[in-house]
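Here's a quick briefing to read with the model open beside you. Take a look around first, then come back for the tour.

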Amino acid sequence: PSNSSAASDVYKRQSVLGAVAKPATIVPTIGERLTLLEAIARGAGGLAAEADPTKTMVIHKDGTTTTVNLRKLLDEGDMSQNIELRPGDVVVVAKAKQISVVGQVATPGVFTTGRPVPILVALAKAGQILPKADLEHAKIVSSSGTREINLKAVIEKGEQANEITLQPGDVLVIPELEPQEV
């Protein structure tokens, strides 16, 4: 029975990954509101040298994303970029020449590449797909926007397997399946 509180606690966490001093998971205290800058500065120890601050993404629990330009926040004081994080948010600070894979995979993270990478290669680098993965509603988030992709069709039928590539700076998001009503 204590498992249910531990499971629900996961959704209160906020994670900061990518080009930060120390990737971290933060569990705010009850009622504490955490901004993007606080999460990066306090929780993750700041930006790493290889960070591309113009390409920071906040991936929300519901699968939507918000792209933030930390350069505008840090250099120009544009406070509209310092968004408040919601429970379950994952912040990915892009690394120059790196691709991130996050969500329902065994080892979410980033890898370095100077060229486009086929989507299945990126997925393989993230390890096993977890049982709760919603492959039909995966997303590729890039500086030009977000597009949904049916990875189930790509994997099972080989559809477009060699044609879909991730560019350096892209994030592949594998969301969690929505609970089914019984």
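What volume does the second largest pocket have? The second largest pocket comes in at about 230 Å³. This is a predicted model, where local features need pLDDT of at least 70, side-chain atom pairs count only at pLDDT 80 or more, and totals for chains, interfaces and linings use all residues. Residues are numbered from 1 along each chain as its sequence is written, and side-chain values use heavy atoms, with hydrogens and water left out.

**The pocket**

- Lys12, Pro28, Thr29, Glu32 and Pro87 are the closest to the pocket's centre, out of 15 residues that line the second largest pocket.
- A pocket here is an open set of points on a 1 Å grid over the protein atoms alone, where a 1.4 Å probe fits, with protein on both sides within 12 Å along at least five of seven lines; lining residues have an atom within 4 Å of a point.
- Its volume is the space filled by probe spheres set on the points, with grid points joined across faces, edges and corners.
- The lining of the second largest pocket splits into six nonpolar, three polar and six charged residues. Ala, Val, Leu, Ile, Met, Phe, Trp, Tyr, Cys and Pro count as nonpolar, Asp, Glu, Lys and Arg as charged, and the others, Gly among them, as polar.

**The sheet with β1 to β5**

- Five strands make an open sheet with mixed pairing, in the order β2-β1-β5-β3-β4. Strands (E, at least two residues) and helices (H or I, at least four) are DSSP runs numbered from the N terminus, and two strands pair if DSSP finds at least two bridges between them.
- β2 (24-26) and β4 (65-68) sit at the edges with a single partner strand each, so one side of each has no neighbour in the sheet.
- Neighbouring strands of this sheet are turned by 20° against each other on average, direction ignored. Axes are lines fitted to C-alpha atoms, for helices over the stretch in contact, and angles run from 0 to 180 degrees between N-to-C directions.
- β3 (residues 51-59) and β5 (residues 90-95) run antiparallel and are joined by five bridges. Ala51 has Lys95 as its bridge partner in β5, while Val58 has Val91.
- β3 also pairs with β4 in the antiparallel sense, over four bridges, and Ile59 stands opposite Thr65 in β4.
- The β3 and β4 hairpin has five residues between its strands, and Gly63 in the turn shows a positive phi of about 95°.
- Helix α2 (residues 36-43) lies across β1 (14-18), β2, β3, β4 and β5, at about 125° to β2. Contact means heavy atoms within 4.5 Å.

**The sheet with β6 and β7**

- β6 (residues 98-103) pairs with β7 in the antiparallel sense over four bridges; Gln98 stands opposite Thr112, and Ser100 has Val110 as its bridge partner.
- β6 and β7 form a hairpin with five residues between them.
- β9 (residues 138-142) and β10 (residues 145-149) run antiparallel, joined by five bridges, and their hairpin has two residues between the strands. Val141 is partnered with Thr146 in β10.
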